[in-house]
Amino acid sequence: MGARSLVVLLFLMLILSFSSAYQGKKKQYKPCKQMVLYFHDVLYNGQNAANATSAIVGAPQWGNLTILADKFHFGNVVVFDDPITLDNNFHSKPVGRAQGMYIYDTKNTFTSWLGFTFVLNSTDFQGTLNFMGADPIMVKTRDITVVSGTGDFFMHRGIATIMTDAFEGEVYFRLRVDIKLYECW
């Protein structure tokens, strides 16, 4: 009798462990804050100093600081201080600045690594949001991480889906940034 009871007990424990391990469908989280912003990048090319908002600060041996390198711009490091707007018009009133850098980090396709902060100073938003992640530029929409924030965004985290909204050669591009914050304090 003791062995049979032990087998039944082990069988029940096994069933309970499987049933507790299966949670069913994962909970779908809804964003606690959501916004869409645009930032406009004008790369300094040696002739546009008056309206440039970014500059090459590191270049590979075969490149220079006014022209992006060949071979998918591999090795270029660009810093920026770009205006952020609520719509896709470069001349709209800015609600803040996008400040940071992008590094072209792949030899065989257009890919960069982004690390930047949205410094927001408008009637709707006060504070900063910090972003970082890989940017496979040739993909229509890309996700990067919102790692933290200050002010109205104190310790917020989430995902930003970025999309190249417009570009003019290698001198100008505009990114649409769809921000979904899932941790809001």
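I take a residue as partly exposed when its relative accessible area lies between the 20% below which it is buried and the 50% above which it is exposed. The model I examined is a predicted one.

**Entry 1: the disulfide**

How many disulfides does the structure hold? I found one. Its partners are Cys32 and Cys184, with an S to S distance of 1.9 Å. The link connects distant parts of the chain, as its two cysteines are 152 residues apart. I located Cys32 in the loop between helix H1 (2–21) and strand S1 (33–42), and Cys184 in the segment after strand S9 (172–183). For the geometry of the Cys32 and Cys184 link, I recorded 80° about the S-S bond and a right-handed form.

**Entry 2: Phe153**

I next turned to Phe153, which I found in the loop that runs between strand S7 (141–151) and strand S8 (157–168). Is Phe153 buried or exposed? Its relative accessible area is 1%, so I noted Phe153 as buried.

Which residues does Phe153 touch, leaving aside those up to four places away in sequence? I listed Lys33, Met35, Leu120, Leu181 and the run of Phe125, Gln126, Gly127, Thr128 and Leu129.

Methods
Residues are numbered from 1 along each chain as its sequence is written. This is a predicted model: local features need pLDDT of at least 70, side-chain atom pairs count only at pLDDT 80 or more; totals for chains, interfaces and linings use all residues. Side-chain values use heavy atoms; hydrogens and water are left out. Helices (H or I, at least four residues) and strands (E, at least two) are DSSP runs, numbered from the N terminus. Buried means under 20% relative accessible area, exposed over 50%, partly exposed in between (1.4 Å probe, protein chains only). Contact means heavy atoms within 4.5 Å. A disulfide is a pair of cysteine sulfur atoms within 2.5 Å.
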